[in-house]
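Let's take a look at this protein together. Have the sequence and the 3D view open while you read.

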Amino acid sequence: MGIKQVRALTTTLPSVTWIPLARAHAERADEMTAGHRARRATGEKHAIEDFLYDYYGTRPSVLRRWHPGVGAGLAPAPGGLAEHSAWKFYMTYPDGVVALDQDAYLHARGESVRYIHGLLTATASRPVFSGCFGLHEWAMVYRDPEHRHALPLRLGLAETDRVVEQHPIRCTHFDAFRFFTPEAVGLNRLQPTRATQVDLDQPGCLHAAMDVHKWATKLGAAVPGALALDCFALAIDIRLLDMQASPYDLSSYGHPPVKIETPEGKAEYVARQREFARRAAGLRARLIRVCEELLGPENAAQNREAVAPFNHR
């Protein structure tokens with residue numbers, strides 16, 4: 001926040017434009033989080049949707065907050081300055097236009113922007129691999145009577161273990177792999193680590209696709225509101241498939257299984273996985289553009305060059 005004399009904006013939205021956008025954004029966010037907020041009030045758990053809030057740290061109050069994005073200014077409303085003027089990383093020009101203070105933002109989050117840009121760029125450079133069949137969820141319960149979710153296994157313990165043993169496990173995503181049971185770790189063809197994430201994340205992975213929501217959240221005020229909610233909507237849809245293809249019985253939630261242990265289930269999984277990869281590719285490209293607008297052409301090019309050795313692997 002503060003007064004800045006030199007304007008670096010690509011567009012300034014009049015209040016008759018941005019106020020309805022902000023209102024519609026809040027309404028859309030509220031609709032998307034209504035179930036979670038109602039359950040939170042009563043302490044009810046949800047094995048499918050809680051992941052989006054517990055693992056990703058999604059806060060409905062933050063999600064409903066609309067941002068215009070990098071380079072967009074908000075003209076004063078009839079009642080005064082845009083409320084964004086009091087928000088972190090925003091500044092006000094002498095004529096009352098409010099916008100993201102890119103200098104302050106990069107000073108605080110520059111390293112995160114560079115990392116996210118590099119990871120998303122490397123991920124986008126790779127072909128879609130769709131032969132994992134969601135077996136990461138099966139590897140998380142392999143030979144373990146204690147499970148993360150209070151749901152029955154639809155095939156039982158022994159048959160669940162047999163499915164794991166009869167399929168190659170090819171998980172590339174560290175944040176899925178790190179929840180494998182000790183007995184399943186050695187079955188994975190790769191041994192992902194946080195340090196190798198830039199080297200291994202690939203666009204067909206459900207978790208890498210869900211992570212567009214994670215990175216949009218990390219970029220925060222720099223991400224236009226519509227993009228942020230599109231990323232969350234994709235994560236909601238992917239999470240359902242993630243659990244439908246898991247060994248858990250979701251009949252109590254009214255969702256049929258995707259039986260990846262059968263040829264028909266594998267075909268359904270791959271078809272939906274590829275559609276999610278297509279959607280994620282568009283969102284990932286938009287997030288990359290946000291990062292590049294923040295970094296500027298020269299720094300963005302240098303960052304792309306830094307991750308070039310990881311591309312296409």
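Is arginine 279 buried, partly exposed or exposed? Arginine 279 has a relative accessible area of 26%, so it counts as partly exposed. Keep in mind that this is a predicted model.

## Salt bridges across the chain

Arginine 279 has a partner: it forms a salt bridge with aspartate 237, with the closest N and O atoms 3.0 Å apart. Arginine 279 sits in helix 12 and aspartate 237 in helix 11, so the pair ties together parts that are 42 residues apart in sequence. Aspartate 237 is partly exposed too, at 32% relative accessibility.

Another pair is glutamate 261 and arginine 154, whose side chains meet in a salt bridge of 2.8 Å, N to O. Here the link joins parts 107 residues apart in sequence, because glutamate 261 is in the loop between helix 11 (225-244) and helix 12, while arginine 154 is in the loop between helix 5 and helix 6. Glutamate 261 is partly exposed at 23% relative accessibility.

General idea first: side chains of opposite charge can pair when their charged atoms come close. Arginine 272 and glutamate 268 do this at 3.2 Å, N to O. Both lie in helix 12, four residues apart, which is about one turn of the helix. Arginine 272 is partly exposed at 23%, and glutamate 268 is partly exposed at 36%.

Salt bridges can also form groups: Glu137, Arg148, Arg239 and Asp242 are linked in a network. The count for the model comes to 18 salt bridges.

## A helix with a bend

Now find helix 4, residues 102-124. A straight helix of 23 residues would span 33 Å, but helix 4 spans only 25 Å between its end C-alpha atoms. Look at arginine 109, where helix 4 bends by about 80°. At the start of the helix, a side-chain oxygen of aspartate 101 comes within 3.3 Å of the backbone nitrogen of aspartate 103.

Most residues other than glycine have a negative phi. Phenylalanine 89, though, has a positive phi of about 75°, and it lies in the loop between strand 2 (72-74) and strand 3 (90-92). Arginine 143 also has a positive phi, near 55°, and is found in the loop between helix 5 (135-139) and helix 6 (156-165).

Key. Residues are numbered from 1 along each chain as its sequence is written. This is a predicted model: local features need pLDDT of at least 70, side-chain atom pairs count only at pLDDT 80 or more; totals for chains, interfaces and linings use all residues. Side-chain values use heavy atoms; hydrogens and water are left out. Helices (H or I, at least four residues) and strands (E, at least two) are DSSP runs, numbered from the N terminus. The expected span of a helix is 1.5 Å times one less than its number of residues. The bend at a residue is the angle between axes fitted to the seven residues ending there and the seven starting there. A polar contact is a pair of N or O atoms within 3.5 Å; within protein, one must be able to donate a hydrogen and the other to accept it, and residues adjacent in sequence count only if both atoms are side-chain atoms. A salt bridge is a side-chain nitrogen of Lys or Arg within 4 Å of a carboxyl oxygen of Asp or Glu. Buried means under 20% relative accessible area, exposed over 50%, partly exposed in between (1.4 Å probe, protein chains only).
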